[in-house]
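Below are some remarks on the ligand site and on the backbone of this model. Please read them with the structure open.

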Amino acid sequence: MEKYVIHGGQPLHGQVEISGAKNAAVAIIPAALMVRGVCRLENLPEISDTDTLLRIMTFLGARVTMINRSTVELDCTHVQMDTLPSQMWDMTRRIRASYYLIGAMLGRFGRARSTMPGGCNFGVRPIDQHIKGLTALGADVRTSGGFINASAAGGRLKGGSVYLDKVSVGATINIMIAAATAEGRTVIENVAREPHIVDLANFLNSMGADVRGAGTDVIKIRGVKSLHGGTYALIPDQIEAGTFMAAVAAAGGSVKVANVIPKHLDCISTKLREMNVEVEDGDDYVLVRRDGPLHPTNVKTKPYPGFPTDMQPQMTVLLCSAPGVSVMTEGVWNGGRFKYVAELKKMGANIEVDDQSAFIQGVDRLTGATVRACDLRAGAAMVIAGLAAQGVTKVEDVVFIERGYQDIVGKLRALGADIACVDEPEERPAEESAG
Ligand code: EPU
């Protein structure tokens, strides 16, 4: 079983290139199912979640051609399947984004059947808002025995109005995809505003859709008859960039985090500055530098443009090394998303979790230990902890990290980190968990 072995204490220096956004890619690949023609997708991250989705698309009958490591051509013209066959269930149950295939198949064929999705285990992850939205478009959606069955009355979805009771990235994306070719106009209110929502809208529009308002809390979609092929370059990954920024802040040093949209990083940069980390915005990069002591602060995660929940574990690690008391409050996931704290305590962290908040008393220095990646972002947080710690840290279950970070080991090594991926026998069985 692969592990990361990290000898902590090396400051990071140099430049890192951020890859394309995972949560945009996992929406846009299924959305390509709506397109009759060739979609050329550029700046696609090379991670196992996109690999899984491309394998599912191939199985459904799409022609998938890798042009280079970050460019793929996806031709779904001849796809006819509206049901995920049993050979695919293991894959659709592994990742969260597989439920976008429901919106896409419903939009294209008027029928869809797949398994319930998987994803990181943050407690209960309901899909009631997806169902509410697809139902507003005239679909009959049923879930039973771990499957989702949906069909559109008369074989084609019809535009409708929906107000999301909870701001949901996934529900916003699923409804946008389905509505792109529905008959008439759809209005979705109280939608998510994350950068990947805007990216999906831009992708759909460049394939001939009419989606307006993405980035605000109301999205209006005028359904078109069909979507055509085209070329689209994905945005850079906000969370990968934030993770590297946190890594520099934790380990010390000075790094140019390149190929980013600094605006998407505002809430992260602001918090880092509060903590005595220098962050300077360029056109498509940020310079991050830390050589003084970290200052404590309080953080509450919120939907965009608030502080991202997907940066919560990485930021908590950083707060562990800030002398004084900091409070991290999880405002998106009700389950709290603090499972990884038990791992961090093995490294000497002083944290008490009460419901949705973690109370962190900064320590002089974390110490190396063997810890596991509880999920994707928690795994990235363990890597950051290892970079900052004294001694050797081994991070197990790295398969979760590789679902969302392209070559994290290679990128950190190029910045001077002492980190290696080694194959060692596993000490205990792993759990399922992803994005
Ligand atoms: N929610 C409902 N009903 C629904 C859908 C969501 O109550 O029908 C609730 C959830 O329980 C949660 C909140 O709404 O409390 C937000 O959930 P959301 O639907 O926004 O999350 P998601 O779409 O399942 C995506 C990302 C997550 C990220 C969240 C929040 C993907 C594939 N996943 O999940 O990313 O944490 O948005 O920003 O886009 C990750 O990348 O590590 C990751 C977990």
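**Notes on the ligand site and backbone**

1. Because domain 1 (2-19 + 236-428) and domain 2 (22-220) both give residues to the shell around the ligand, the ligand lies between them. The domain bounds come from an automatic or database domain assignment. This is a predicted model, in which local features need pLDDT of at least 70 and side-chain atom pairs count only at pLDDT 80 or more, while totals for chains, interfaces and linings use all residues. Residues are numbered from 1 along each chain as its sequence is written, and side-chain values use heavy atoms, with hydrogens and water left out.

2. The ligand is surrounded by 25 residues, of which the closest are Gln129, Ser168, Val169, Asp310 and Val332 (a residue is near if one of its heavy atoms lies within 4 Å). The shell comprises ten nonpolar, seven polar and eight charged residues (Ala, Val, Leu, Ile, Met, Phe, Trp, Tyr, Cys and Pro count as nonpolar, Asp, Glu, Lys and Arg as charged, the others, Gly among them, as polar).

3. Oxygen atoms of the ligand have N or O partners in the protein (a polar contact is a pair of N or O atoms within 3.5 Å). The side chain of Ser168 supplies one at 2.6 Å, the side chain of Asn23 one at 3.1 Å, and the backbone of Pro126 one at 3.3 Å. Taken alone the ligand exposes 830 Å², and the protein buries 94% of that (Shrake-Rupley accessible areas, 1.4 Å probe).

4. Two backbone features deserve a look. Tyr304 and Pro305 are joined by a cis peptide bond with omega of about 10°. Asn276, not a glycine, has a positive phi of about 80°. Most residues other than glycine have a negative phi, and most peptide bonds are trans.

How values were computed. Polar contact = N/O pair within 3.5 Å; in protein donor to acceptor, adjacent residues only side chain to side chain.
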